[in-house]
Amino acid sequence: MKQLKSLLIAATLFFGAQAANAQAKTAHVDVNEIMEKMPARIEAEKQLKKLSDTYTTEFNAMTTEYQAKLKKYGEEEQTVTEKINQERIAEVQDSQKRIADFRDNAQKELQKKEAELLKPIMEKVEASIKKVGKAKGYQYVLNAAGLLLADGPDLTADVKKDLGF
């Protein structure tokens with residue numbers, strides 16, 4: 001009976017140690033912090049700002065032209081024929097549509113350009129995270145942004161170093 005008890009205790013300790021060894025090693029990184037400080041990301045933001053400013057300038061010019069037409073047509077409404085007023089209403093509606101279409105297309109183009117610029121940067125960050133995680137023996141590396149508690153090892157500095165900043 002005493003041998004059986006000793007055997008059970010030894011088995012429990014053995015399997016408990018195996019279970020502890022079988023637990024996955026995890027760490028975390030702050031992907032947002034890495035992305036914010038990456039030189040390539042900063043350059044991408046500059047390109048996006050320049051494109052956005054171009055669209056804004058064009059949009060403002062279209063809006064200014066539209067408002068000037070609207071004012072002019074409003075002032076002349078009583079002095080021109082009904083036919084001309086109808087043509088001007090159609091022209092104003094067409095201008096409104098062109099402005100709305102321009103705004104929508106500009107937003108889509110900005111989103112497309114942002115995705116195009118950020119995709120290779122994100123892929124580079126992910127590759128670096130995998131490289132650093134494997135080199136340090138971690139099986140899982142989680143993004144700290146989504147964690148409620150990030151008490152384990154933080155690989156953010158190591159990933160930044162691997163990326164060269």
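Reader: Which helix supplies the largest share of the lining of the largest pocket?

Author: This is a predicted model: local features need pLDDT of at least 70, side-chain atom pairs count only at pLDDT 80 or more, and totals for chains, interfaces and linings use all residues. Residues are numbered from 1 along each chain as its sequence is written, and side-chain values use heavy atoms, without hydrogens or water. Helices α3 (39-76) and α4 (82-135) each supply at least two lining residues. The largest share, five residues, comes from α4.

Reader: How many residues of that lining are charged?

Author: The lining consists of Leu70, Tyr73, Gly74, Glu77, Glu82, Asn85, Arg88, Ile89 and Val92. Four are nonpolar and two polar (Gly counts as polar). The charged ones (Asp, Glu, Lys or Arg) number three.

Reader: Why is α3 called roughly antiparallel to α4?

Author: The axes of α3 and α4 are 10 Å apart. Their contact holds 18 nonpolar, five polar and eleven charged residues. Angles run from 0 to 180 degrees between N-to-C directions, and over 145 counts as roughly antiparallel. So α3 is roughly antiparallel to α4, with a packing angle of about 175 degrees.

Reader: At what angle do α4 and α5 pack?

Author: Helix α5 covers residues 156-163. The axes of α4 and α5 lie 9 Å apart. The angle between them is about 115 degrees.

Reader: Which residues in α5 does α4 meet?

Author: By class, this contact (heavy atoms within 4.5 Å) has five nonpolar, one polar and four charged residues. From α4 come Lys124, Val125, Ser128, Ile129, Lys131 and Val132. In α5 they meet Asp158, Val159, Asp162 and Leu163.

Note on methods:
1 Å grid on protein atoms, 1.4 Å probe; cavity = no way out; pocket = protein on both sides within 12 Å on 5 of 7 lines; lining within 4 Å. Helix = DSSP H or I, 4+ residues; strand = E, 2+ residues; numbered from the N terminus. Parallel < 35°, antiparallel > 145°, perpendicular 65-115°, else oblique.
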